[in-house]
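User: I would like to learn how to read the main features of a protein model, one at a time. Please give the general idea before each case.

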Amino acid sequence: MKTDFLLIGQGLAGTVLSWRLLAQGHRVHLVDTPGLQKSSRVAAGLYNPITGRKMVKTWAADLHFPAIEPFYRSMEERLGQRFLEPKPIYRPFLNVEEQNEWMGHSSRDEFRRYLLEIRTTSRYEAVNDPYGGVLLDQCGYLNIPNLLDAYAAWLEEEGLLTREVFDESKLTFHSKGVAYGDIEARSIVYTNGLGAMESRYFSWLPFRPVRGEILSVAQSFSPDEIINRGVFRITLSGGLHRVGSTYDNNDLDSGATEKGKSELLEKLRALINPPLTAIHKHEWGIRPATKDRKPFLGRHPSHNQLYIFNGLGAKGVSMAPYLSIEMSNLLTFNKEPSKEVNINRFFKYI
Ligand SMILES: Cc1cc2nc3c(=O)[nH]c(=O)nc-3n(C[C@H](O)[C@H](O)[C@H](O)COP(=O)(O)OP(=O)(O)OC[C@H]3O[C@@H](n4cnc5c(N)ncnc54)[C@H](O)[C@@H]3O)c2cc1C
């Protein structure tokens, strides 16, 4: 079998990059075994341009956010299902100082495009928001598991997906490309999340995995908006909500813990008043995050046919569509990715 690009891993990274390449008319083939890494499978899929306790504009938001909707809508059109749910995020203020700060932000161009409304009084009785809050625009969530499943089914129908564990020892390089089993490709791209840490070619990259836990709970009060302060709560259907997430980069092996659950419940109680009626699911995964919190895009320094598209960390949904343009420019026009994401920033580690 001959192809242009062989991608290893069909999480969000492999899905987005392969779709971008197909849309440009290239041939792709993917090798994936779901569940070896399960970051995309448990992620809430939130995208939010204003993040963190200090509520700052997220890195490169003005570049990344305009690419989100057109990209995922193009996949929806082909796959005949809806995955992207744009929803405002309501972020209650912590105190009067924060309220004043945001009144100031509202007149600044850099924030205005992401703001729908600033309130100085409570918006909801069910929310602990005595100082009001800010309603953010260009936010929402992507149903990543449904997107991955629908796309995998389509890839399989087209004969573009091999379900197996990729065995790197079987990969060979030759002057015009790579060979893996009966697949010959011009180039190979590692889109295998934390699986790349085991690779003899990419283990030098400074990954910094971060374990995260997330709950699905039943609770009354189902606004259209996502509520976010300390934790986010996304309204699903039937009175269910997604509540997340924890961040832990020390204890990676513990799975879903009582400590993680208590942390989420405590933060949820501080934010939303009605009591929970049930906890339906308690899930966990490990984010493919990096030491400098920027993704890994680039070509291996000694093998011209070997590439990586990885390190999406906690923000894969918002970063992947734009970064897949940078990656396809490298793969097809030999145009280097921007320096903040280019793996050549770590060549000194080899
Ligand atoms: C609790 C939690 C909450 C999150 N919430 C959000 C959120 O709200 N918004 C957001 O944008 N991001 C969120 N994320 C992060 C998001 O999941 C990642 O940014 C993104 O999904 C990573 O995608 P990936 O494809 O790089 O990696 P993965 O999802 O890990 O995919 C890698 C794929 O490669 C496969 N693979 C690996 N090795 C091999 C091999 N040897 N052979 C075959 N297949 C292989 C794996 O099985 C998997 O299918 C969250 C993550 C967690 C854990």
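This is a predicted model: local features need pLDDT of at least 70, side-chain atom pairs count only at pLDDT 80 or more; totals for chains, interfaces and linings use all residues.

User: Which domains does the assignment give?

Analyst: Domain bounds come from an automatic or database domain assignment. Here the assignment gives domain 1 (2–43 + 145–207 + 292–349), domain 2 (89–136) and domain 3 (210–287), and the C-alpha centres of domain 1 and domain 2 lie 39 Å apart.

User: Between which domains does the shell around the ligand lie?

Analyst: A residue is near a molecule if its C-beta atom, placed from the backbone, lies within 6 Å of it. The shell lies between domain 1 and domain 3, because both give residues to it. Of the 43 residues around the ligand, Gly-9, Gly-11, Gly-193, Gly-195 and Gly-316 come nearest. By class there are 18 nonpolar, 22 polar and 3 charged residues, where Ala, Val, Leu, Ile, Met, Phe, Trp, Tyr, Cys and Pro count as nonpolar, Asp, Glu, Lys and Arg as charged, and the others, Gly among them, as polar.

User: How do strands E12 and E13 pair?

Analyst: Strands (E, at least two residues) and helices (H or I, at least four) are DSSP runs numbered from the N terminus, and two strands pair if DSSP finds at least two bridges between them. Strand E12 (residues 171–174) pairs with strand E13 (residues 177–180) in the antiparallel sense over 4 bridges, with Leu-171 bridged to Tyr-180, and a hairpin of 2 residues joins the two strands. E13 is in turn joined to strand E14 (residues 183–190) by 3 bridges, again antiparallel, and in the hairpin of E13 and E14 Gly-181 takes a positive phi near 55°.

User: Which residues have the most contacts inside the largest nonpolar core?

Analyst: A nonpolar core is a set of buried Ala, Val, Leu, Ile, Met, Phe, Trp, Tyr and Cys residues joined through C-beta atoms within 7 Å. Buried means that 20 or more other C-beta atoms lie within 10 Å of a residue's own, exposed 12 or fewer, and partly exposed in between, with C-beta atoms placed from the backbone. The largest core has 87 residues, and Val-189 and Ile-308 have the most contacts inside it.

User: Is Glu-266 buried or exposed?

Analyst: Glu-266, found in helix H7 (residues 258–271), counts as exposed because it has 12 C-beta neighbours inside 10 Å.

How values were computed: Residues are numbered from 1 along each chain as its sequence is written.
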